[in-house]
Amino acid sequence: MKLARAVLLAAAFVAAAAVCPSSATGEANGREKIVLRVEIDGAIGPASARQLEEALAVAADRNAQALILQMDTPGGLVTSMREMIAAILASPVPVIGYVAPAGGHAASAGTYILYATHVAAMAPGTNLGAATPIEMGGPLPSFPGGKNDGPEADKDNAPAGDAMIAKATNDAVALIRSLAELRGRNAEWGEKAVREAASLSAGAALQEHVIDFVARDTTELLQLADGRTVEIAGKKEALATNGLPVETLEPGWLIRLLAVITDPNIAVILMLVGVYGLVFEFTSPGAVAPGVIGTICLLLGLYALNLLPISYAGLALMLLGIIFLVVEALNPTVVLGLGGVAAFLLGAAMLLRIEGPGFEMSWAVIGTAAALTLGLALLTGSYLWAARKNVPRVGAQAMQGLPAEVLDWQGSEGHVLARGERWRAKADEPLAVGDSVEVADVKGLVLTIRRRNVGSDGARQ
């Protein structure tokens with residue numbers, strides 16, 4: 001009886017494994033029967049890196065079967081791209097790279113990230129490639145010694161800018177070749193994508209062994225990925241994804257905020273709002289709102305710039321230009337105003353060390369900000385200059401002509417209300433309680449007043 005029971009149990013396990021091999025594999029590796037998905041739509045930046053890291057943390061915590069990294073990106077920052085690649089390589093959960101939807105692309109930084117994933121796939125009608133790094137700060141093509149001097153340029157005397165570009169290109173080639181060798185993909189085409197900015201369609205990428213397969217949708221993606229062997233933490237593991245439910249991880253409010261403020265143009269605008277908010281607060285103590293809003297905007301702008309690959313010399317020039325313009329507004333000299341605008345524009349041109357798609361400085365934004373800042377400085381300066389021309393009125397001079405009201409009166413003396421205060425007063429004409437008068441002169445603490453005649457139009461006669 002025991003032998004018969006053991007045979008029946010063994011037959012039941014074999015039948016269950018034959019009917020649902022994927023489930024058996026999922027139970028064997030101890031993973032939850034679910035696939036998570038994170039969508040990267042737009043330029044690769046600090047927000048994208050944070051979004052992927054959080055998604056990988058959730059996938060590891062839930063021990064999911066796999067994480068689908070769906071991309072439609074024109075590229076982005078090299079620093080953020082390397083953070084994402086490092087996170088994928090260290091992930092305990094298999095990552096399936098998927099370029100989708102149809103019409104999407106994984107250009108520039110997206111190509112490197114797709115090479116790093118454990119399984120790479122594309123939807124029909126998508127493309128990838130054009131992975132040449134773009135560095136800022138090199139020589140301008142129109143200057144002697146630039147990279148476009150013509151075919152007759154002496155190759156033995158390459159300018160320093162060309163040497164920097166060559167170093168960046170060689171570093172990018174080494175990265176994509178190492179990723180290709182790690183995942184068993186076409187390293188030769190990867191180098192071509194870097195050096196020649198080559199691109200491939202989904203079908204051509206499959207023929208060139210750049211990706212593993214082409215999938216029309218997520219369901220087909222999981223079917224084709226099922227059973228593939230990937231290496232996780234040095235161990236071989238078979239994917240069991242066929243028919244599993246897919247849960248999309250939406251970015252949180254912090255990631256959405258980062259995606260907005262890490263645009264260098266938005267960061268610069270936040271800094272300007274912050275600086276001028278503090279200036280208004282210092283010049284009008286007690287307003288509170290300008291100081292609070294200015295402090296928040298300034299901290300957000302500085303935090304965003306800290307996440308971007310910026311030149312601190314450019315940032316210092318921009319801040320110096322703003323300070324010059326503020327001083328120009330308080331003490332008009334013209335020289336400080338022009339110097340402030342020049343420093344601000346030069347700093348904006350130098351601000352970003354590395355430029356990527358979606359992270360370019362807009363000269364329309366910078367020019368508008370500089371013009372508004374200069375206009376505000378000139379407007380404030382004109383008011384101050386006009387005030388300087390007026391004769392200063394302090395003490396008794398400031399009291400002359402002020403309206404007052406008679407509180408009590410007897411003979412030629414009495415008391416009046418001026419500026420909310422009770423004053424002793426005298427006059428050369430008879431007055432009555434409630435009469436409207438004005439201050440003619442001040443001697444000590446006694447006001448000399450006179451009757452204030454008001455016409456029908458409200459003007460003094």
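Begin by selecting Glu247 and Arg62, which form a salt bridge whose closest N and O atoms are 3.1 Å apart; a salt bridge here is a side-chain nitrogen of Lys or Arg within 4 Å of a carboxyl oxygen of Asp or Glu. Glu247 belongs to strand β11 and Arg62 to helix α3, so the pair ties together parts that are 185 residues apart in sequence. Helices (H or I, at least four residues) and strands (E, at least two) are DSSP runs, numbered from the N terminus. By the salt-bridge rule, the count comes to 13.

The model is predicted: local features need pLDDT of at least 70, side-chain atom pairs count only at pLDDT 80 or more, and totals for chains, interfaces and linings use all residues. Residues are numbered from 1 along each chain as its sequence is written, and side-chain values use heavy atoms, with hydrogens and water left out.

Next, display the open sheet of six strands, ordered β8-β5-β3-β2-β1-β11 with parallel pairing. Its edge strands are β8 (213–214) and β11 (246–248), each pairing on one side only. Two strands pair if DSSP finds at least two bridges between them. Strand β5 (residues 119–122) and β8 are paired in the parallel sense over two bridges, and Met122 has Val214 in β8 as its bridge partner.

Two loops deserve a stop. Select Asn63, in the loop between α3 (46–62) and β2 (64–72); its phi is near 55 degrees, a positive value in a residue other than glycine. Then select Pro101, in the loop between β3 (95–99) and β4 (105–107). The peptide bond from Ala100 to Pro101 is cis, with omega near 0 degrees.

Ile293 is found in α12.

A cavity is a set of points on a 1 Å grid over the protein atoms alone where a 1.4 Å probe fits but cannot get out, and lining residues have an atom within 4 Å of a point. The count is one cavity of 30 Å³ or more. Helices α11 and α13 (312–330) each supply at least two residues of the lining.

Finally, display the barrel, in which five strands close in the order β12-β13-β14-β16-β15 with mixed pairing. Within it, strand β15 (residues 436–443) and strand β16 (residues 446–451) run antiparallel and are joined by six bridges. Select Asp441 to find Thr448 of β16 standing opposite.

Technical notes: On a 1 Å grid over the protein atoms alone, a cavity is a set of points where a 1.4 Å probe fits but cannot get out, and a pocket is an open set with protein on both sides within 12 Å along at least five of seven lines; lining residues have an atom within 4 Å of a point. Grid points are joined across faces, edges and corners, and a volume is the space filled by probe spheres set on the points.
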